[in-house]
Amino acid sequence: MSMECTLSPPPPPPPPAPAPKKKLYQTIASNRSPVEGNYTEACLLLSQRESSFRKDLQWILVNSYVPSLIQDGPQCGLVALWMATHLLQPQLSVDMEAVIQTAVSRGYTAQGEMFSAANMALLAEEVCGCRAELLSGGLSGDNYTAVIAHLWGRQPVLIPYDEDYNHEPCQRSGHRAHWAVASGVLLGVDQGSVSQEHIQPDPSLPWVFLTSDTGSPCPVGCREVYILAKQGKSLRYQLWSLDSVSQSNGQLRMMDPQRANDGTQYVVPQGGVEAGLAGQTVLLHTRTQK
């Protein structure tokens with residue numbers, strides 16, 4: 001007598017795990033693409049806001065394009081650094097995951113957050129081979145002038161600030177602390193105060209002047225100053241007055257209580273957010289610069 005052994009079919013594979021829900025800024029960004037070029041998007045922004053700029057001033061624009069990257073979680077500072085790296089070392093391919101892993105291994109972050117500008121400066125020197133200069137004491141006086149001159153020299157600036165819902169600087173006591181990378185500056189100066197040999201009108205916006213060479217001297221006595229910046233929740237450039245950035249940067253005092261009590265581990269320096277971020281900015285220099 002023979003016996004037949006019947007094998008049961010294997011159980012069906014489990015259904016795939018649902019994809020993590022995208023945040024609103026990720027959803028918006030997935031339907032857009034960045035605008036490349038040093039001045040293309042900047043001039044578009046200026047044309048849309050032309051009526052808000054004083055007609056009695058001469059406007060001079062300097063910008064160096066940085067690529068865009070949408071952050072995944074609380075990575076705004078690391079994403080801003082990644083963007084800046086491509087301006088400092090365009091010939092290098094810096095992997096975002098490597099930036100994150102380096103920050104974690106050095107104890108600068110747990111989830112991607114960066115609540116210390118001093119640690120950001122150390123990380124920048126390690127991952128992008130630059131020289132980082134930490135400014136403290138707020139964005140006024142000599143620091144205000146230093147930021148303008150640095151951007152005029154086509155070097156990036158990493159700036160912590162409070163981010164409003166439209167990404168612009170606001171004042172929420174640090175509850176919405178965020179990082180951006182500034183790569184350009186728009187200066188409003190007195191008519192005739194800059195030599196015509198160093199500037200030329202933009203073909204699309206004749207009231208905006210571009211520098212014709214990289215060695216032209218930075219104007220002094222600027223009446224109004226705006227910066228061009230990118231941050232990890234949008235692919236597009238932002239245009240902010242440096243005064244509004246300065247005010248936002250100077251009042252970063254505490255982490256959002258809801259975030260502080262959500263049970264997640266974060267790396268916060270001794271003295272808290274105020275000691276780590278308030279009034280601080282990081283200038284990034286290519287190693288060839290003194």
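## Helix H6 and the residue after it

Helix H6 covers residues 141-152, and its buried residues are Asn143, Tyr144, Val147, Ile148, His150, Leu151 and Trp152, where buried means under 20% relative accessible area, exposed means over 50%, and partly exposed lies in between, with a 1.4 Å probe and protein chains only. Helices (H or I, at least four residues) and strands (E, at least two) are DSSP runs, numbered from the N terminus. An α-helix has 3.6 residues a turn, so residues three or four places apart point the same way. With its 12 residues, H6 reaches 17 Å from its first C-alpha to its last, which is close to the 16 Å expected at 1.5 Å a residue; the expected span is 1.5 Å times one less than the number of residues.

This is a predicted model, in which local features need pLDDT of at least 70 and side-chain atom pairs count only at pLDDT 80 or more, while totals for chains, interfaces and linings use all residues. Residues are numbered from 1 along each chain as its sequence is written, and side-chain values use heavy atoms, with hydrogens and water left out.

Just after H6, arginine 154 takes a positive phi of about 60°, although arginine 154 is not a glycine. Arginine 154 lies in the loop between H6 and S3, and with a relative accessible area of 18% it is buried. Serine 173 is another residue other than glycine with a positive phi, near 65°, and serine 173 lies in the loop between strand S4 (169-170) and strand S5 (177-190).

## Strand S7 and its partners

Two strands pair if DSSP finds at least two bridges between them. Strand S1 (residues 57-63) pairs with S7 in the parallel sense over three bridges, and isoleucine 60 stands opposite phenylalanine 209 in S7.

Strand S6 (residues 199-201) also pairs with S7, here in the antiparallel sense and over three bridges, and phenylalanine 209 is the bridge partner of proline 201. S6 and S7 form a hairpin, with six residues between them.

## Aromatic rings

A pair of aromatic rings is described by the distance of the centres and the angle of the planes. Rings of Phe, Tyr and Trp (its six-membered ring) pair if their centres lie within 6.5 Å, and planes under 30 degrees apart count as stacked, over 60 as edge-to-face and the rest as tilted. How many aromatic pairs does the structure hold? The structure holds five. One of them is the tilted pair of phenylalanine 53 and tryptophan 207, with 5.6 Å centre to centre and 40° between the planes. Phenylalanine 53 lies in the loop between helix H2 (40-48) and S1 and tryptophan 207 in the loop between S6 and S7, so this pair ties together parts that are 154 residues apart in sequence. Phenylalanine 53 and tryptophan 207 are buried.

The rings of tyrosine 161 and tryptophan 240 have their centres 5.0 Å apart and their planes at 50°, so this pair is tilted. Tyrosine 161 lies in strand S3 (residues 157-163) and tryptophan 240 in strand S9 (residues 238-241), so the pair ties together parts that are 79 residues apart in sequence. Both tyrosine 161 and tryptophan 240 are buried.

## Nonpolar cores

A nonpolar core is a set of buried Ala, Val, Leu, Ile, Met, Phe, Trp, Tyr and Cys residues joined through side-chain atoms within 4.5 Å. The largest one has 59 residues, of which Leu46, Leu61, Leu81, Leu158, Trp179 and Leu284 touch the most other members, and H3 gives the most to this core, with 10 residues. Not counting residues up to four places away in sequence, leucine 46 touches Phe53, Leu61, Leu186, Leu205, Trp207, Val208 and Leu239, contact meaning heavy atoms within 4.5 Å. A second, separate core of 27 residues includes Trp152, Tyr161, Val185 and Val245.
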